[in-house]
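Hi,

Here is the structure I promised to pass on. Have a look at it first, and then read my notes below.

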Amino acid sequence: MAYNRDRQAAHEAPEFIEKVVYLNRVAKTVKGGRVMKFSALVVVGDGKGTVGYGLGKAAEVSEAILKGIADAKKNMVKITLDGTTIPHEVTGIFGAGTVLLKPAPEGTGIIAGGAVRAVMEAVGISNIRSKCLRSNNPQNVVKACMQGLMSLRGPEEVARIRGKRVEEIVG
């Protein structure tokens, strides 16, 4: 009985896009030799404007990836989109990582490096230009990209803040 309910709940759950951005192996030297551990930076999205990232650490790669996916699902946020691109140019900064995101016309594709590309594919953006400025550390780049995406505002929100109509903002 319980098995069928779990199966039905899994069937109704939305399908997520899971991307492993970076796997890191670290070694700790102890009295008996080296102890290897792994960390996995994972991005999870629904392809419709919701995305999250997570970092999982474990003694095995598969466990680290599963922990990263679970962490990413806990930290999912809704992103403001304009069709298949973003509404305006934005710069995301986290630590030494800085990511410049620019909207692009239909047919451009995703012009981005590995870490930013994974985030864009997971969120469902298919036309964008980006450039990583300063650091290329995958963790800082993903966090900077997410910070930039979270700071996006659509014309409705800008109009509400300014106390104007959307037609006045868009022109």
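One definition before anything else: two strands pair if DSSP finds at least two bridges between them. Helices (H or I, at least four residues) and strands (E, at least two) are DSSP runs, numbered from the N terminus. Bear in mind that this is a predicted model, where local features need pLDDT of at least 70 and side-chain atom pairs count only at pLDDT 80 or more, while totals for chains, interfaces and linings use all residues. Residues are numbered from 1 along each chain as its sequence is written, and side-chain values use heavy atoms, with hydrogens and water left out.

The overall picture: the protein has six helices and eight strands, in the sequence pattern α-β-β-β-α-β-β-β-β-α-β-α-α-α. Its C-alpha atoms fill a box of roughly 70 × 50 × 30 Å along the principal axes. Of its 171 residues, 32% count as buried (buried is under 20% relative accessible area, exposed over 50%, partly exposed in between, with a 1.4 Å probe and protein chains only).

Four strands make an open sheet in the order 1-2-3-4, with antiparallel pairing. Strand 1 and strand 4 (77-78) are at the edges with a single partner strand each, so one side of each has no neighbour in the sheet. Strand 2 and strand 3 pair in the antiparallel sense over eight bridges, and Ala40 has Gly56 in strand 3 as its bridge partner.

What packs against these strands? The buried residues of helix 2 pack against strand 1 (17-30), strand 2 (33-45) and strand 3 (50-58). Helix 2 covers residues 61-74 and reaches 20 Å from its first C-alpha to its last, close to the 20 Å expected at 1.5 Å a residue (the expected span is 1.5 Å times one less than the number of residues). Ala64, Gly68, Ile69 and Ala72 are buried in helix 2. They cover an arc of only 135 degrees around the axis, which puts them on the same side of helix 2; the arc is that of the directions from the helix axis to the C-beta atoms. Leu66 and Lys74, on the other side of helix 2, are exposed.

There's also a record to mention: an unreviewed UniProt entry annotates residues 16-79 as "domain: S5 DRBM", though such annotations may be inferred rather than shown by experiment. That span is 22% helix and 59% strand, and its end C-alpha atoms lie 15 Å apart.

Further along, strand 5 (residues 90-94) and strand 6 pair in the antiparallel sense over five bridges, with Leu101 in strand 6 as the bridge partner of Val90. The two strands form a hairpin with two residues between them, and Gly95 in the turn has a positive phi of about 60 degrees.

Leu101 also turns up in the largest nonpolar core, which has 25 residues; Val51, Val116, Val119, Met120 and Leu149 join Leu101 as those with the most contacts inside that core. (A nonpolar core is a set of buried Ala, Val, Leu, Ile, Met, Phe, Trp, Tyr and Cys residues joined through side-chain atoms within 4.5 Å.) Strand 2, strand 6 (97-103), helix 3 (114-123) and helix 4 (138-150) each give two or more residues to this core. A second, separate core of seven residues includes Ala40, Val42, Ala58 and Ala64.

Over to you!

Technical notes
Contact means heavy atoms within 4.5 Å.
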